[in-house]
Amino acid sequence: MVVVVVRIVTTVLVLLGIALPATAQPASPGPLQAPGVHAATGLKFPARIDGHARLVRSVDRGKSEDRPDLGYIWTYVVEPPVDGTVSVYVYNAGDMSIPEGAASPQVFTQFHAALAEIGQQFPNIDALKIVKGPTDCTIARVVFRCATVLAITPTTKVPVYATVLVTAYRNYFFTIWLQWSGTRTTPAAAEDYLAMLVGEMTR
């Protein structure tokens with residue numbers, strides 16, 4: 001899971017304008033693309049979602065890195081009013097039996113590893129803190145373990161929010177990371193957008 005989390009944090013740092021360490025760079029040139037539909041779960045990842053999110057990168061990490069347990073990543077750029085990025089991860093972490101929903105020890109392990117890795121990898125970000133959660137949240141009829149994190153870049157003091165959602169969906173971990181600028185949108189708008197996004201992916 002550490003590699004997956006580093007990729008999540010990388011997107012946050014791009015929004016913050018902070019230089020990335022070598023360990024957070026893509027693992028290999030020319031990675032294989034992830035499919036538009038994840039066959040085992042039926043989750044859908046079209047080129048555009050609701051006209052506001054545009055797919056800019058997808059990676060089949062199982063084939064690109066020879067690590068089937070790492071699954072797939074899809075990254076979208078989201079237009080205003082959210083004006084941010086969405087990264088979606090579907091993987092099993094080598095676990096062949098994952099209880100459905102957000103209440104299992106496996107989901108808690110994945111969720112807390114994601115939050116812990118942010119602070120461990122990047123201890124110098126100003127005012128990095130959880131501002132909502134952790135808690136369970138129901139989004140488009142799917143129950144996730146969720147939290148919202150606030151990070152502030154040391155140079156510009158621009159607030160960047162990130163909401164992480166983790167659940168088990170049809171025997172895979174389904175993780176969403178939505179990042180947005182606190183100067184351009186509100187947490188309420190971001191939550192509304194997440195509901196639409198999950199609804200489109202699961203319909």
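Residues are numbered from 1 along each chain as its sequence is written, and side-chain values use heavy atoms, with hydrogens and water left out. Because the model is predicted, local features need a pLDDT of at least 70 and side-chain atom pairs count only at pLDDT 80 or more, while totals for chains, interfaces and linings use all residues.

The pLDDT, which is the predictor's confidence in each residue on a scale from 0 to 100, has a mean of 81 over the protein, with 79% of residues at 70 or more. Strand β3 has the highest mean, 94, and helix α1 (residues 2-16) the lowest, 46. Helices (H or I, at least four residues) and strands (E, at least two) are DSSP runs, numbered from the N terminus. The pLDDT is below 50 over residues 1-6 and again over residues 8-29.

Attention now turns to the interior. A nonpolar core is a set of buried Ala, Val, Leu, Ile, Met, Phe, Trp, Tyr and Cys residues joined through side-chain atoms within 4.5 Å; buried means under 20% relative accessible area, exposed over 50%, and partly exposed in between (1.4 Å probe, protein chains only). The largest core holds 33 residues, and Val86, Phe144, Phe174 and Ile176 touch the most other members. At least two residues come from each of β3, β4, β5 (126-139), β6 (142-152), β7 (159-169), β8 and α4 (187-202), with α4 giving the largest share, 7 residues. Beyond its neighbours within four places in sequence, Ile176 has contacts (heavy atoms within 4.5 Å) with residues including Val86, Phe144, Leu165 and Leu194. A second, separate core of 15 residues includes Val107, Leu115, Val166 and Phe173.

Strand β3 (residues 72-78) also contains Thr75, which is buried at 15% relative accessibility. Among the residues that Thr75 touches, not counting those up to four places away in sequence, are Arg54, Val56, Val86 and Ser87.

Finally, the aromatic rings. Rings of Phe, Tyr and Trp (its six-membered ring) pair if their centres lie within 6.5 Å; planes under 30 degrees apart count as stacked, over 60 as edge-to-face and the rest as tilted. This gives 6 aromatic pairs. The rings of Tyr91 and Phe173 are tilted because their planes lie at 35°, with centres 5.4 Å apart. Since Tyr91 belongs to strand β4 (residues 84-91) and Phe173 to strand β8 (residues 172-181), the pair ties together parts 82 residues apart in sequence. Tyr91 is buried at 2% relative accessible area, and Phe173 is buried at 1%. Elsewhere, Phe45, Tyr72 and Trp74 form one aromatic cluster.
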